[in-house]
Amino acid sequence: MKAQICLIDASKCIGCRACQAACKQWNQLPAINTEFTGTYENPPQYSCSTWTKVVFREYNENGRVQWLMSKQGCMHCTDAACKLACPTGAIYHTDEGTVAIDRIKCIGCNYCAAACPFQVIGFDRFTNRAEKCTFCYDRLVNGLKPACSTACPTGSLVFGEEREIISKAQDRVEKLKKKGHQNARIYGLDEVDGTAMLYVLADKPEKYGLPADPRVPFGTRVWNAIYGPLRVLVVIAVGFGLWANLTKNKEIDKAKEEAQKESE
Amino acid sequence: MELTRRSFLKLAGVTAAAASLTSVGYGKAQAASGERLRIRYTQEFHTICTFCGVGCGIICNVRDGVIVNAEGDPDHPINEGTLCSKGSSISNVSYVFDDKGKPVPNPKRLTNVLYRAPGSGRYEIKDWDWALETIAKRIKDTRDRTLEETAVVDGREVTVNRTNAMGWLGSAFCTGEENYLFHKMARAMGIINIDHCARL
Amino acid sequence: MKTSQQELYQEEIARCRRLYRGFENLEPFLLEAFQAVFSFIESYEERGGILEKVNFDKRKAWSRLKNGESMEINPTIQTRALVGILNELGQAVVRISPEIKDSITNFQKILENFQEKSKERVLKEEVWKLKELVVGEDILARDMATFIFTLALSAIYRFNLEAVSKGLRTDLWEGGNCALCGEKPHFGLLRSEDGAKIIECWLCGTQWNHIRIKCPYCSNTEQEQLGFFTVEENDSCRVQFCKKCSSYYKLFDTRSIAGENIVLSVHNLATLSYDILAREEGFKAGSGLEWVNEGEKLELDD
Amino acid sequence: MTNHWNDYQHSDVIMAIGGNTAENHPISMKWIEKAREQKGAKLITVDPRFNRTAAVSDLYVPLRPGTNTAYLGGLVKYILDNELYHKEYVQHYTNGTYLIEEGFDFNDIEGVFSGIEDDPARNAKKYDRTTWQYQRDENGEVKKDPTMEDPNCVLQLMRKHYERYSIANISKITGCPEETLEESYELFCTTGEPGKAGNILYAMGITQFTHGAQNVRSIAVVQLLLGNMGMAGGGVNAQRGQSNVQGATDMAILYHIIPGYMATPQQAAHPTLNDYNEKETPASGWWSNKPKYLVSLLKAFYGENATPANEFGYQWLPKLDGRDHSHIAMYKDMSEGKVEGMICWADNPAVSGPTAGAKRQYSSKLKWLVSVDLFENETASFWKPEAGANPEEIDTEVFVLPAAASYEREGNKANSGRWIQWQWKAQEAPGDCKSDLWIANELFKKLQELYREEGGTVPEQITKMHWDYDGPDGQVDIVKVCKDINGYNVKDGSLVNNFVALKYDGSTACGNWLYSGYYNNLENPPTKRRKPEKEGIGSHLEWAFAWPLNRRIVYNRASADPSGKPWNPDVPQVWWDEIEGRWKTNDVPDFNVNIPPLESAKTPFIMLPEGQGRLFSAFVNDGPFPTHYEPADSPVPNLLYPDATYNPISQRFYEDHVVETDEEKERYPYVLTTYRVVEHYQSGIMTRNMPWLNEMMPELFVEIDEELAADLGIQNGDRVAIESKRLYNNGEQQSIEAKACVTKRLSPFMINGQKKHVVGLPFHWGYMGMNTGAVANDLTPSVGDPNTTIPEFKASLCNIRRVG
């Protein structure tokens, strides 16, 4: 059970991307070079330096235009596929109920990214590491709201005590239904046993680019079931992985330095 | 100190706690250089966001004369502590973050007076005195040659004291006081080509 | 309500344990002290009558605050109850550090003859006189006396005035001193939603919104003269200072203190070390509460 | 803005027309959302693009760029036909009852009013306004018909004028479906009911047209008819794009005015101070005080050198030659070598001006150019290869002066709500950066020095200018400037309380009468006030200072009925207390509280000579009633007036700028509109140097509807070339490039049976800084509105094609 969660009221999102900027600023994630690909949405995919972004979707159903915008990123599932998929136990639930990746244990096998039903785990070949939204765990334990919800000007992102948030969400859905949004609904309450990101959607999840029925891939469960007993092996794997990682990182750093030299 | 006057703070180990907060050698360092070792001093300043005409309030936290944080001003009636994406990244004008997440001065920010000579392909760095002196000379030269003192309007001579040879663009980034001075000096030079962002 | 309040205080103390360095020695004092005060008041038969009833016309209060005048209430206190609580507190302190038994015994003597001499009910001012006497007679150290007396008084006030102070339109109040009792504040908080500065009266617990960059004592708004310092490892307690009147008060940044219903008075006691620092930095308590003794020095372990 | 941001919370219906508020003023959504949450307010978005505001609004009304007057005209007709206007309000507070001269007429074929004549000087038309005047009786009193039945009364003339603006016609012109039009009209007209407040907020999507002023007039007319002026939650609200564009305008960084919205002297009309006062001072209304303000301004300008003997230095003020001198004209003169020096204070016309490409070339005709900015901008570096120029061929001297950022200097900034707020300085500027105040002060001191030493042409004009802003430390002292602006008594230098204290005899000096009172004491100047609100309706009277006289909602007399009862008792601005027999207020009253209500009810619009709202205005250059004209670059003829095309009075500077012939209309078949995105700011010179914002909006893009994209074989992300007549030079067509954004948010418009496509282009990009791109304004024409000469950015014609 999660103590505090974040409401994402997509019906109030104006896509100003204050949240996206705030995330980069707080977590000191470098800006990456992007290019315009035909949508306002940018960067194109999640990566080690992009943990959250506003997803833009447009529709024109017989003349009725919709521009649906919503902040997306790790959902911090209760039944977390990534956690099950991780061979080294690097992914775990924090005492705040969020899902975190242990950088040391992570061997960059990329299974989690593959298993994630929301496809929000960034995998960086360069550093060979998986990274994602931490729900600003550092702020959380110090009583601060996550950076994104602090920044939001329209009240689309609201962070708070779970019970309040849920009732707030229900009120909003009622309001939207009254306004004629037939498909308005809460998303993230029952999905994968509940997520720390609770959405209020004015329309079907698919239309926001969210999976209609997110599940832990069957394969992952089986795999985890079989794999469970064999942790001993994993430890060795981890050891090896770590070593591999370290050496790789060294090479990378060297490469970076050289690259810089050339550029100067 | 005799038993009866035992200080509460000492009993409760508060003095020790205080000392531990300020780290070993705090007292000495203070004596030595008056410097605070581990206590972080911060000042807060109000400013108005420079983007758009809403006029949101921003509180800048300044340490050692440098902005370390800029957040929405909770007392401000318009934005009540919130900001938009441009507003919250306003300190980017001074600092950007490198790929290690370290703040470095914005590399593109102008910090020198630059001068480009006729036909030259580059800027050279100059000092203020030279620049102001030279600009004043250019203005005077142009004005003295081009100022119309009088004009004849249907047979009648009218004092006009104007020059059409200089253009003057003020700005909505500048404060009211600055724009007031801009207007005053422009009219003093006889300039009639005056405009700013209100039209653009 | 009240018993749950006691639990509240205990939880708060636990929270402070996590937050503030070097709190462990102070903790037992606070636990004992609060225990003592609460249980006394709980078990006291006329607990309602400890403090004189306060009631005023809401509309009058409204216009009065709007015009910038504090209510300045000064209810009388039942002498017997006051002395009782002070006694309890004295014993509480002894339980933790037996070595000051004698001074506490003297303290109790003074209390007895105070009770004999004075009327059935006394005013705040007389209580302060009593404190001065205790200190002057060299019976308790100044900070000890401050600890005991402020705790007693604030307990009495808060216990009886909660409803009143909640009912007050403090949104109209922009003064630096308490809208209800007129005391100068010693601490406040930064609200987690928006970072607004909320000051809490140490005595009656009334809370009001105060302009963030403004000195509550001399109303100075010169931004160059106002600032605060925090301690590197923990910025949940800010010591706000004003260079004009060279006084300080403490703000607790609830944006970095986890959880709801924070009891500021506990945080205030838990951060007395910050008061020492403030003194070291050359500021005096704007509230006039003498938490730190003259010549109280840091114990530098070198 | 006649109202202010916090006041949005009181609106019942909010219409965002020609302004994308969620995109460009995100915090405004805080107050709009509040109105929706608390009182179920409705938000209507009227825009060519389904923009970010439309995405969250209750009703979206698509509109072909440049047809706002038609849309609003349709609304006016709807109001009149269905008798939805606020009768009592119109009767008492507007000139709806006034009778107009018999000779007044409108030609339905040519689409022009009576009095049209040629204006060879501008090679356009102009109006002789004698037939536009009010009928007056022998005492000079305006004739009125309270019943508003007389065929010559304004309301009846208005009915006649708007006959053609039927929903069917408007739909054909705008391309908006009839039912959507009707729905939006119906919804907004609910605010005609007494006590309800309708809020129309707009930005450059209304003003930047050859008929921009008429668009704004249309809004005013609608708001007057529905009784929304002076009301909390109502008003005509221009959302300003920059933090101090309001202030810069108040300080008259515009050729045609001097501080405080007084006209710049004209050589023909105002040879002497007396001529000026006679011609510029109306008999009634607040402006009858103008001479006091002018003399006080001259005293502030020329100090002790301004005496009654020398007309207070009036002759030192440069006089205009009757020509336009706005920035389009300035650049035209530059192209002809008439302008040889230019000073740009944090302004970047090489990106933000119309036909910017040509402008950059004209710049090479300059002898010298001074640019003051935070970053190296396109205007300063027009000579660089990046700009496609060859430095060797360019002899312009360029001075680039590094400025301080907003939080590196102090001063006042006036927001859209006219709040003059103080901006404190938080840190020192880096390196050699200096505040513009310092630069201006030092530069002018040097200039005065030069003229004192060497003399020159009319040196007095410079040397007699009162310039004493140095503090004890020899650096500029801003407080001295504040005193100058606020105004002071000449004999003892004491600050005046407000502009009521200003005199004609030269005993007071005041740099800007509107700002008088903003710094009327040194201890706690109103502009620095930060007190929480007490009124309970969001007036915040003790927060900063709002001009004029700290008034938050102007014309607030109109918020109560003639007897003084507020139309909306829930949020009263002012109300007459029967018992005490005096006015009670939640705002600074905009009328004389010492005269009985029924008296002040006669002049609720105190700034106008007639004292009443103008449904009909003879003071607008292009007609007393807003009239639908096509944009200069229009794909279709004017449906309402066969012989009319675009505004006949409008400012045209270049023969070859506008698409005229059918052949050209085929060459440039698509309507181009420019706009901004939230991630970038104006000419982008700040935000394109902010990495996080660049990451989100990395490149210039062009928005194209799917149907058009399919026709032209353009895929999302393709490189697209955009061409316009402005880039067609001596038989050769140039173009700019952008990435394609094929979107469902744009759809073709059915204009009178023809399908027309709209193409959208943000204008933030240029060739300098971290993030570079083509300059959108290379495409836009240099034509302007006849009243303001604001360029027509928002609607022009272009062609697009896939590159490679």
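This report walks through a few features of a predicted model.

## Reading the model

Residues count from 1 along each chain as its sequence is written, while chains are lettered from A and ligands numbered from 1 in the order in which they are written. Because the model is predicted, local features need pLDDT of at least 70 and side-chain atom pairs pLDDT 80 or more, whereas totals for chains, interfaces and linings use all residues.

## Where chains B and D meet

Let's start with an interface. Here 104 residues of chain B are in contact with 139 residues of chain D (contact: C-beta atoms, placed from the backbone, within 7 Å). Chain B's side of it holds 54 nonpolar, 32 polar and 18 charged residues (nonpolar: Ala, Val, Leu, Ile, Met, Phe, Trp, Tyr, Cys and Pro; charged: Asp, Glu, Lys and Arg; polar: the others, Gly among them).

Strand β6 (residues 113-116) of chain B also pairs with strand β14 (residues 397-402) of chain D, antiparallel and over three bridges (pairing takes at least two DSSP bridges; strands are DSSP E runs of at least two residues, and helices H or I runs of at least four, numbered from the N terminus). In β14(D), D:V400 is the bridge partner of B:L114.

## Two helices in chain C

Now look at helix α2 (residues 26-43) and helix α7 (residues 142-167) of chain C: their axes come within 11 Å and cross at roughly 45 degrees (axes are lines fitted to C-alpha atoms over the stretch in contact; angles run from 0 to 180 degrees between N-to-C directions). From α2(C), C:A33, C:V37 and C:I41 make the contact, and from α7(C), C:L151, C:A152, C:A155 and C:F159. By class, this contact has seven nonpolar, no polar and no charged residues.

Definitions and conventions
Contact = placed C-beta atoms within 7 Å.
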